[in-house]
Amino acid sequence: MTSTLTDTLWYTRCPVPTASGIAHARGWLADAAVDAGLSLKVLQDSAPDVAARHFDHDLPGLIREGGNVPALAARAAGSPTRLLGLTWIDEAQAIVVRPDSAVADAADLRGARLALPTWAADRARSFPRAMALHGFRNALRLAGLDLSDARLVEVPAQDDPRVVGAARVTTWGVDRLLAGDVDAVYVKGARARDVAREHGLRTVVDLDATADRAARVNNGTPRPITVHQALLDERPDLVTEFLVRSLRAADWATEHPGEARSVLQRETGSAAEGAAAAYPDHVIAGLHPSLAEDRIELLARQQQFLLAHGFLDADFDLDSWVAAEPLTRAQQIVAQRAEVAR
């Protein structure tokens, strides 16, 4: 078989809590690449045409951990990827309103004007729209309502949203909310909570507080780790070691939540207060990837929501997307190394 890989392991992640992000920050991913005779390159540090592969995953040698909207959209469009694992990190999903708003709870969203980001350049980059739409749907359902019971008002969003950097936006519609053009905005993550606090916005639905995890399914819940098929075919050892380093990072984060939170603060570009509120110790303890049946089922719910609302080119078989062997092997290696360390 002719190799399609270069001498580079490519890595990309969203600015969200991830075990691989912690592993990268601690230098463990670079070490894994060097041990395998490769160098590690991060898409976010690359030229724009290469960085764009974060969304379409069309780069041999790439491993990605991030939102499920781009990952599912890329796979639905034919990108040759496989699903390696899923994490579940509750990270401050909420519906917020102005401080003087009469909206007090989910029931009061009936007839309200809800901020819906415009479509981006393609389906994968339209994750802000997908996030808001699903967040509002989940909130409305808590009161026995649906999207048809509210008014969706399109608000500007970036055509080509950035993953990191000065141009990155984490809230969409807050300016329109403050101007009185909409009544409620969906927010998620530490930086979004920072913005809400800075403007005195009031939370009327805390989606993280709902007991049913299905009511919290969205772009980051569950969050996938995906790999280009070429890398999995040609260097399964490296893919497994990537997961070993991520599992090791998740263990470290659970044991050192304060230090891990500082890493997540840098990863998300948030203030210390926002990171503390969005990522308490029990959230940090959820960084371990898994392919448990319940997580696959929750991802299937997200897949069908995205398909129904036009965010996927086509349906595809979710079970056949899963590549379980690397994570199983990585878990075995971690357990064996822990036993030797004793």
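**Where the domains meet**

Guide: Between domain 1 and domain 2 there are 7 residue pairs in polar contact, with both residues at pLDDT 80 or more; a polar contact is a pair of N or O atoms within 3.5 Å, one able to donate a hydrogen and the other to accept it, and residues adjacent in sequence count only if both atoms are side-chain atoms. The model is predicted, so local features need pLDDT of at least 70, and side-chain atom pairs count only at pLDDT 80 or more, whereas totals for chains, interfaces and linings use all residues. Residues are numbered from 1 along each chain as its sequence is written, and side-chain values use heavy atoms, without hydrogens and water.

The count of salt bridges between domain 1 and domain 2 is 3, a salt bridge being a side-chain nitrogen of Lys or Arg within 4 Å of a carboxyl oxygen of Asp or Glu. The side chains of E273 and R197 form a salt bridge, at 3.5 Å from N to O. On the side of domain 1 that touches domain 2, at least two residues each come from α4 (53-56), α5 (68-76), α12 (272-278) and α14 (293-308); helices are DSSP runs of H or I with at least four residues, and strands are runs of E with at least two, numbered from the N terminus. The most is given by α14, with 6 residues.

The domain assignment, which is automatic or taken from a database, gives domain 1 as 8-88 + 222-341 and domain 2 as 93-216. Their C-alpha centres lie 25 Å apart. Domain 1 brings 33 residues to the contact and domain 2 brings 25 residues, where contact means heavy atoms within 4.5 Å.

About 2,500 Å² is buried between domain 1 and domain 2, and carbon and sulfur atoms give 65% of this area. Buried area is the accessible area (1.4 Å probe) that two parts lose on being put together, summed over both. Of the area that domain 1 buries against domain 2, F55, F305 and F311 supply 27%, more than any other three residues.

One further residue deserves attention. H199 lies in the loop between α8 (190-198) and β9 (202-206). H199 counts as partly exposed because its relative accessibility is 39%; buried means under 20%, exposed over 50%, and partly exposed in between (1.4 Å probe, protein chains only). Apart from neighbours within four places in sequence, H199 is in contact with V174 and L178. H199 and L178 are 21 residues apart in sequence, and their C-alpha atoms are 8.3 Å apart in space.
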